[in-house]
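Please look first at the sequence and the structure on the screen.

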Amino acid sequence: MTFTVGREAQPKTDQNGVQRVERNTNIPMWSVQLVAMDDGGAEVITVTVAAPQPPKVPIGSLVTPVALQAIPWAQNGRNGVAFRATDIKTVTGSKSGSGASTS
């Protein structure tokens, strides 16, 4: 599976527009929109990362979510899956092929 950044990191906010923080650490939380692609197609997911600064991943870059978790939830008759990672890192090297250059 590959992941491409669809929207840069934004503060994860509550219904009042206040940035959320992790309960135990008070570290700010960020939301990054990723396009997850595999042989079956693509899906847009939003991944939450807790970090002092937002992950620096430009739109369109190929990335790797570190320790990605899918957390099922249900609340008030609604349900879904929340995605969380400890970090999102840009994939280094060429996106097309082996990355080896021949000249």
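I shall begin with the overall fold and then turn to the salt bridges.

This is a predicted model, in which local features need pLDDT of at least 70 and side-chain atom pairs count only at pLDDT 80 or more, while totals for chains, interfaces and linings use all residues. Residues are numbered from 1 along each chain as its sequence is written, and side-chain values use heavy atoms, with hydrogens and water left out.

The protein chain has zero helices and seven strands. Here helices (H or I, at least four residues) and strands (E, at least two) are DSSP runs, numbered from the N terminus. The chain has 103 residues, of which 22% count as buried; buried means under 20% relative accessible area, exposed over 50%, and partly exposed in between, with a 1.4 Å probe and protein chains only.

Let us now consider charged pairs. Side chains of opposite charge can pair when their charged atoms come close. A salt bridge is a side-chain nitrogen of Lys or Arg within 4 Å of a carboxyl oxygen of Asp or Glu, and by this rule there are two.

In one of them, Arg84 pairs with Glu22, with the closest N and O atoms 2.3 Å apart. Arg84 lies in strand β6 and Glu22 in the loop between β1 and β2, so the pair ties together parts that are 62 residues apart in sequence. Arg84 is partly exposed at 23% relative accessible area, and Glu22 is partly exposed at 22%.

Asp87 and Lys89 also form a salt bridge, at 3.2 Å from N to O. Asp87 is partly exposed, at 25%, and Lys89 is partly exposed, at 46%.
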